Amino acid sequence: MPLADILGQDKAITYLKTLVKQDRVPGALLFYGPEGIGKAKTALEFAKALNCLDAAARAQGEACGVCANCKAISQHTHPDVVFVDFLYQARLEVKKEFESNSYEEELEKTLTKQQHIKIDTIRNVAAKAQQKSVGKGYKVLIIDAAQTMQEEAANALLKFIEEPPQKTVWILITSKRTAMLRTILSRCQPLAFAPLSQENVEKILQDNQLETENPSLCAAYSAGSVGGALKADEALSLLREAGLGINGCSPEGPTAVATGLSRTLATARQEAQTVLDVLLQAVHTAWTNAQGEETQHRYATVLQQLEKYKRSLTRNVSPVLVVETALCSLDGLNLPLFNGEQND
Ligand SMILES: [Zn+2]
């Protein structure tokens, strides 16, 4: 999939293609914007364009997608392109002290524990950056979730992005630019990625065969990201099973949704958050369309309550309890949650 096929990021893509065409790339770039909108995909496509063996494609600022370099980058096996994420880090850690039959199991366990990009990982990548290139293209070092770097890791990285060797580019990817060290930010060329339109979210879901119960409904509740659409799908299916829809909630609905949450606390909290996001959006839409002062007031009150419940999720409150209470607060409300599929 060349750069031109990445949906909804025209401004960023045009800029990157110009860099490829001019063969002049800054030593460090920062891709920022909401999660699940194509930043990592773009970074890899950009790395392909910078290393593509097809000169005609490169002259257009593009990658051919079929040469040996393009293929190797797609498969994460090109020695000059490193993509660092929690999986990469978990592999480094497991490799160090664990080589046995239960490697996959150990890897999985290590992966679930990952919360930060660590200094050892930065050193590992920096060492690769210093090595001589295998090809004639660029060394591209991509760090996903860069905001999770521990301070010592970020400080170590600073040294390397300050004076990168020629034909070397670091790409830091983040959904939380404000959580990053100012010293890092000041050394990176920032590149904004925009939330996707509902149509593009729906199209990406379909093009990538990401299955959802109702792609257009998930896209509507996605807040402009594919990741958001997939989360919304889970929340909507919980709400659908519990009989929450245009006709209100079934009596056992709130309990059914609450007990449908994951048993792992951290996951349950995230699921509860998405359920509340979906409800907030549905109530907000209903409030916008409401006729009459009394009805508007009723929706406005519920909106405030839902916001309060959502905030309580960040404290030590049980997500099950929060979801149950939130759903009960919708009692008697005519909420068009599943617009377009309420006829069955
Ligand atoms: Zn190519």
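**Overall make-up**

Tutor: The protein chain has 16 helices and five strands; helices (H or I, at least four residues) and strands (E, at least two) are DSSP runs, numbered from the N terminus. This is a predicted model, in which local features need pLDDT of at least 70 and side-chain atom pairs count only at pLDDT 80 or more, while totals for chains, interfaces and linings use all residues. Residues are numbered from 1 along each chain as its sequence is written.

Student: What box do the C-alpha atoms fill?

Tutor: Along the principal axes, the C-alpha atoms of the protein chain fill a box of roughly 70 × 45 × 40 Å.

Student: And which domains does the assignment give?

Tutor: The assignment gives domain 1 (3–192) and domain 2 (198–328), with bounds that come from an automatic or database domain assignment. The contact between them takes six residues from domain 1 and eight residues from domain 2; two residues are in contact if their C-beta atoms, placed from the backbone, lie within 7 Å. The C-alpha centres of domain 1 and domain 2 lie 34 Å apart.

Student: New topic: how many residues are in the largest nonpolar core?

Tutor: That core has 94 residues, and those with the most contacts inside it are Ile171, Leu239 and Val275. A nonpolar core is a set of buried Ala, Val, Leu, Ile, Met, Phe, Trp, Tyr and Cys residues joined through C-beta atoms within 7 Å. A residue is buried if 20 or more other C-beta atoms lie within 10 Å of its own, exposed if 12 or fewer, and partly exposed in between, with C-beta atoms placed from the backbone.

Student: Which helix gives the most to this core?

Tutor: Helix 14 (residues 265–289) does, with nine residues. Both domain 1 (3–192) and domain 2 (198–328) give residues to this core, so it lies between them.

Student: What is valine 275 in contact with, leaving aside neighbours within four places in sequence?

Tutor: Valine 275 is in contact with Ala235, Leu238, Leu239, Val257 and Val323.

Student: Turning to helix 15, which residues are buried there?

Tutor: Tyr299, Val302, Leu306 and Tyr309 are buried in helix 15. They cover an arc of only 80 degrees around the axis, which puts them on the same side of helix 15; the arc is that of the directions from the helix axis to the C-beta atoms. Helix 14 and helix 16 (319–328) are among what covers these buried residues.

Student: And what is exposed on the other side?

Tutor: Glu293, Glu294, His297, Gln304, Glu307 and Arg311 are exposed on the other side of helix 15.
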